[in-house]
Amino acid sequence: MTDAMGRVPGPRREYLIDHLAQAAGTTVRNVRAYQDRGLLPRADRRGRANVYDDSHLDRLRLIAGLLDRGHTLAGIKELLDAWEDGRSLGGLLGLVAEVTAPWSDEQPEYLERAELAARFGGLRDSEAIAAAVRLGVLEPEPGREQAASADALPERYRVPSPALLDVAARLYELGVPLAASIAHLQEVRTDMEHLARRFVHFAAVEVFPRYVGSAPIDDVDAALAAEAVRRMRPLAQAVVDAELARAMRHEATLLLEASVASLPEPVREAVAEEL
């Protein structure tokens, strides 16, 4: 017999499968699939009913969180198998959450296709928008109905970084086509990924040498590693900000010097004094 929440009376909070799925924000089909893959322990058999408890609910929420961070079911299975030898998953999962969480406080936004077009002067450049989707600047919202034509654009988009899209819109106001901004972003992203690899390599050698090639061995180690990652985030950002400011000033000055080289000598001298 169950209560109104689908719980079975007893010392622990327990659920039947449909109520467990509802509490975890998933489906009965997923619950069964996770069991078949060995990700979720089997339920207790009580007569003709399978009974689950809060440990199953916690596991489902853990699986959902790891999936949201981009882990595959196979990868989650390996993680769970590796840490089900009596040690707690808390520390390691805290480290996973720290590393894989967004390294920015920016919140995504949603734009209708008409709103997107309005920000770019009524733009309907399907190639530029497709490039923005490939780069992840725009993400078509799944499940939205689209027009029947083959070249139809999605009706609604998720914008992971509104600030990045705002930069493109401001450049568009200055006369820069969206396609040019997208191409430039692609080049910048390649440079940023190279820079990120340098930071990670530096951290691996100088901060985390004991963990290279293996995960932290216990909750204390994992917690210390997570705290180090948390403290390094603003340090990496500070280095990028300072060095970009220095490099931008240097490169812009060189361009300005080249631009005034053909001007009359008195003008060049006046500019040179300011530089």
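Before I look at helix pairs, a note on axes: they are lines fitted to C-alpha atoms, for helices over the stretch in contact, and angles run from 0 to 180 degrees between N-to-C directions. Helices (H or I, at least four residues) and strands (E, at least two) are DSSP runs, numbered from the N terminus.

**Ground rules.** I am working with a predicted model, where local features need pLDDT of at least 70, side-chain atom pairs count only at pLDDT 80 or more, and totals for chains, interfaces and linings use all residues. Residues are numbered from 1 along each chain as its sequence is written, and side-chain values use heavy atoms, with hydrogens and water left out.

**Entry 1, the whole chain.** I found 11 helices and six strands in the chain. Of its 275 residues, 27% count as buried (under 20% relative accessible area, 1.4 Å probe, protein chains only). Next I looked up contacts (heavy atoms within 4.5 Å). Among those between residues at least 6 apart in sequence, 58% join residues at least 24 apart.

I took helix α7 (residues 126–134) and helix α9 (residues 178–206): their axes come within 9 Å and cross at roughly 25°. The two are therefore roughly parallel to each other (angles under 35 degrees count as that, and 65 to 115 as roughly perpendicular). I noted the crossing of α7 and α9 as left-handed (the near helix is turned anticlockwise from the far one by less than a right angle). Which residues meet here? Ala-128, Ala-131 and Ala-132 come from α7, and Leu-178, Ala-179 and Ile-182 from α9. By class, this contact has six nonpolar, no polar and no charged residues (Ala, Val, Leu, Ile, Met, Phe, Trp, Tyr, Cys and Pro count as nonpolar, Asp, Glu, Lys and Arg as charged, and the others, Gly among them, as polar).

I listed Ile-17, Asp-18, Leu-20 and Ala-21 on the α1 side, with Val-28, Val-31 and Arg-32 on the α2 side. The contact has five nonpolar, no polar and two charged residues.

I traced an open sheet of three strands in the order β1-β3-β2, with antiparallel pairing (strands pair if DSSP finds at least two bridges between them). β1 (14–15) and β2 (44–46) stand at the edges, each with a single partner strand, so one side of each has no neighbour in the sheet. Two bridges join β1 to strand β3 (residues 49–53). What is the bridge partner of Tyr-15 in β3? I found Tyr-52 there.

How values were computed. Parallel < 35°, antiparallel > 145°, perpendicular 65-115°, else oblique. Buried < 20%, exposed > 50% of the residue type's maximum accessible area, 1.4 Å probe, protein only.
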